[in-house]
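Biologist: I'd like to learn how to read aromatic pairs in a model. Can you walk me through it?

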Amino acid sequence: MRMTRSTAPPLLAELQNAPSAASQAATLRLIKNEIIGHDLRKRAWIAAGLVPTLADILSMSRRMSGKRSSREMNGRENTRSRRSLTTDDDASCTQAAVITGVLAQGGVMFVQPILHGNVLSSLLALMSSDSSSLSLVVAILKTLITIADRLPPANPNDWLPDQQLANLLYSKEHIGSLARIIRQNSPHPDVQQSILLVVLLIVKTCSTNKQKDALVEADVLDALANRLSSFVVAQGFVLPGAEGRLHESGSLGFLPPPAPPRARLAPFLRLTAVIVDGSRARSEHLVTSPALLTVFPKPPPEFAPADVKKAPWGAATYLSGTAVPRHVHSNPIDTLLPSVSTPSAKLAADQANFPPFGSIAAISKRETSFLSAALASGSSDNEDTSSEDDESPAVAWLIYLVRNETGMTRLTAAKLLVTLFRQGLVRKSRTGMFSMLLVPLLVRMLDKDYEVEEISDKAELDVLPTKLLVREEAPGLLAMLVMDSRLLQRAAVDSDAIKKLSQLLKESFDPIPSPRRAAWCPEKNPRFSRGRSDKALGDTGPSPMARHVLRHREAVLKALASLAPFDDEYRKSMCDLGVVPYIIDSLKPYTSNPLLADNSPVGPNVVTGNPAATLLAACAAARALTRSVSVLRTSLIDAGVAPPLFHLLNNQDSEVQIAATKVVCNLALDFSPMKEAIVNGNIVKTLCQHAHSANPMLRLDSLWALKHLVYNSSNDLKINIFQELKPAWIKHLMASDPEDVTPGTVLGMGITHGFGEDVIPRLEDGSVDTVMAESPGLQTWNRHTAERRAQALSDDDYSRHTVKDDIMIQTQVLELVVNLICGDGADEVVDYLFKEFNQKELFTILAQRLKPRSGNRASTTTTTTTTTTSTTVSNHSKREDTLKVPSPPTEIIKAVLTIILHIAAATPRYRSVIISQTEIMKLILSTFGHASREVRRHAVWIIINLMYHDDSRDSQDKLDCRRRAKELERLGFVDKVMGLKEDVDVDVKERTKTALSLFAELLHG
Amino acid sequence: MTPSTPSTTTPTMHPFERKADKPSKIEINNLMMDYFITEGYPSTARIFAAESNTQPEADFEAIKARVEIRECIHRGDLQTAIEKINELNPQLLDTDDSLHFSLLRLQLIELIRACTSKTSGNVTNSPDISNALQFATTHLAPLAPTNPNFLADLERTMALLIFPTDNLAPQLAELIDPRLRKSVANRVNEAILGSQGSRREAQINKLLHMRVWGEKAAIESKKIDIPDAGLGFGLDERPAAAGRGRTEQNGNGVMGSQATAEGDGDTTMREGNGEGEMMVS
């Protein structure tokens, strides 16, 4: 037996000067056997310079096989080599690839030199080369997966893994070969294995929307759909009549061959879900892919019994003949599912009647998906995406799989199903079914004793046992599923989800068991140089297990957040189970543990803090809990939510800043006992700074939080915030027309940003009832995680925004001004406002905001009069109206009217000022016919306020009041107010009565 | 019958009793074929396939590598075995510490066996143990502290150098026993099967375990009347067999396989088993 330290250099020299590829392969074999299972030897070999030698071997053979003999291994070969590798070359490359994998097996530290040594690009080039043998490709794929599991962070203190591998993999050069490998048809075990390996590799490395879109473009998704449909064929789920419709457009033209008997469905479902997740366009791409349309053709109006007999329905004899339903809305697979009584009318109504959150989220989501679908695919089929009629039968198939399979297949089928559900491709009427059939299964997966069959489902190279994978994914699926539905939330809570999740959250803070203890070494303190080179070990980073634990924590927090938004009872029970301290611990950002940087102390492996994704989930959970007044007053305060949260406002990740600001937004509400703490903490300054941020979302939420903060606060604070924000800046924001903001810039900023798709405009209607509304929908955090990942690639991504964003920002500014000038002592602030803004200019700005955009008054007056007639028109269609005609957005009009209303309420002095602004008064006059009841109400309120006299004994005041009333009459307001006497809105009607009685009193009294 | 055996039942459903009364010939054949493939008897499997007219799913090439590795271990040529394992699946030993360690320990035992047997007839009584010592230092010592069990195992193995082989304590004697080779070979076989996504154990072994467990449970419950003579299948020594069946599942693999061999003695398995042993030599 050779001693390691002595063998390394001679063997290495032998390797470098190998006379032939065959002897090189033999030497590589020796080295491989030497280091397998011995981490210390791996270290020694890396220090001796094994990695550069491997890189040489891998690129040398590339050079030899290439047409051009470029000496530099960095030279990218665009022309693919036709000459095949000699078998000896192939063997030595295989050995080199295997050794790379063996080194990487050692952990994060060992991967660093590999990344540095330019090995990856050579490996990928070999993978994409036609001349590589199948066994070489399999070896390379295995090595890449090993590396992908153990990627070090890009920077020592970061959490997110290095992107080098992903960038190479999804580059134009190599992405095609991924699709090519998946498309292979041979049932040969090695071919099947290479397919599975590619699938696993993509699952492990694909994170951003950009990468997913690239995969769709490279036909990977279609190739996956082919795979899925071959399983559909093998399982006998091809819809009756499919054979007869092979030649319809969109179909493959032939039934895909059945999947090999031992093939596993789970990996394909898993990757499909990963790619489809987060985009309506990709989801539609999947369900409309030729392969799936072939096996699941769109249902004809009626199934002829003749079709049924022909159909390849294996053993499902009870489906034949009359059992096939004849109505359009169902498909034969549905008959395999237990029938679930539809949820009671009460519950359904319950759900519909929750406007502040549910309906808005639903509406904005729908609009977005429509937008993005049109953007990405250029086709706009199914605009009215109700999807009641055109749900793909694949959905029923997936439900069937979830119910009838176990382990990973069940999990991955559920994952794809929930993803499609999220993208609105599942009938809404399935919600009741999900509450009975899906939610309990998902909650069951949270259990510790949930048995997952390890052997048959084990993907060979997963670092983590299947059981942990299931546990990691299940809470996230639950979160995605129940997020918007009270019915599903209740189903989850009824299955004891809160208790299980709370327990899981606690356990995620347990020390992570260390995989290996230190090996004995004959030298006392073996010194290996560390650093970022190809000859030294890198720093330790989060182990695969640590990453798993934090992903799990993130998913659990998401699930808790998704259960909590509506029901106070659920929030209370979470607090009773003691989750609050753990949520607060989850708000602490990740710092690379200095103790872990040294490999010597072995023991409990504790990750300190949380990476950004977990922070976002923790913020979402905290925000959900802050919706409860009682929770706010007790648990959250006692546990000290404020300090870590305020700290997060200055986090380097802007998405985290936004999420933290949203929580502050709720804490700043008037009834919150935290308000004091926010004022006292140095938060106001930070929020004001963030309001100036170039990131529209951060700007929006900061303004939102400030808006809540100034409500009912002291004048000192108000003036202070005014000054911090800079009056000129506020003025600028108010004065700009959002429609005029050039694409790619934010309102009030001159910076150009990139363009992005998949924009989710949030909450167009803003705070419908009061200015103090909850900030935007919960679903946004989900998007944030996706976007935050995208940010790792490109810094421009956050600035994706639309005119709608700018409108929202402006609304917030206007509402902030409203809150500044209302309440006690408002006149002082109004004075300040007039002084800072210049009274005349302020009114000009306000008038501009009320004016139709183009200045074409004629057109707007006609539209407003037409809309008056149909005041019952729904919110939804009304918004579309406002989008079509160039009249200013409702929320802006409302906010401007509120400002005028409050100025009028401040002191009698200003009432005369307002009434003298003829332009504004004319514009107000036109709002009496506005479709929004809010606008009409505000308009009437202005009239009331203008005629209001504080003290009837003051004759001068009374005189002024009469004069104002006369002026209003002259301007035509009496007629307008009379017109609202029979308004559909009770509130408007009441105000109208008040206004009319004031008119009567002042004009004729 | 467990669902994983290929379903070859006739389309019309039989009541369970009738099925259990007369098991289908094809199913028994499949079960045997599964045993040959899983346990690694390719030539037996080939002949059996021809004789019984069954179509095995697995290709015999894949079995060959496993058989070769097993043969190496049985021969005591651990170095070659480890190299072959690394060739077949380089990650197997890298990820399975305990399997790697037991292979290396067996290699050490073989070295010790070699040097002690050479000197056993010698009068000087000072065997050259430097080879074994050096091997232990280089290969086993670094791994030993990573797991307390490894350390204990290594210590016990090193004790073999001290005591004469002809009069060992039972604890040490079992290290020298050739059955250890079988046990390690079995573990390797199972690990390779597991890494290939197949079942780690032959179906018949599982059935046997299930049977033993079932019989034991039935006896313990005392509610079900079971004939004193046992239920056949060669499980006459009921309580003992039952006890062993339980430990086999948790203990090391060789005991399980031996139980199978013994248990199968009376049934169709004998022929296959014996033939298999002959064929692979």
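Modeller: Let's go through the aromatic rings, then chain A as a whole. This is a predicted model, where local features need pLDDT of at least 70, side-chain atom pairs count only at pLDDT 80 or more, and totals for chains, interfaces and linings use all residues. Residues are numbered from 1 along each chain as its sequence is written, chains are lettered from A in the order in which they are written, and side-chain values use heavy atoms, leaving out hydrogens and water.

Biologist: How many aromatic pairs are there over all chains?

Modeller: A pair of aromatic rings is described by the distance of the centres and the angle of the planes. Rings of Phe, Tyr and Trp (its six-membered ring) pair if their centres lie within 6.5 Å; planes under 30 degrees apart are stacked, over 60 edge-to-face, the rest tilted. The whole structure has 13 such pairs.

Biologist: Are Trp159(A) and Tyr590(A) buried or exposed?

Modeller: Trp159(A) counts as buried because its relative accessibility is 11%, and buried means under 20% relative accessible area (1.4 Å probe, protein chains only). Tyr590(A) is buried too, at 16%.

Biologist: Which charged residue lies over the face of Trp159(A)?

Modeller: A charge sits over a ring if NZ of Lys or CZ of Arg is within 6 Å of the ring centre and within 35 degrees of the ring normal. Here that's Arg547(A), 5.2 Å from the ring centre. Likewise, Arg553(A) lies over Phe509(A), at 3.7 Å.

Biologist: And what percentage of chain A is buried?

Modeller: Of its 1005 residues, 59% are buried.

Definitions and conventions. Buried means under 20% relative accessible area, exposed over 50%, partly exposed in between (1.4 Å probe, protein chains only).
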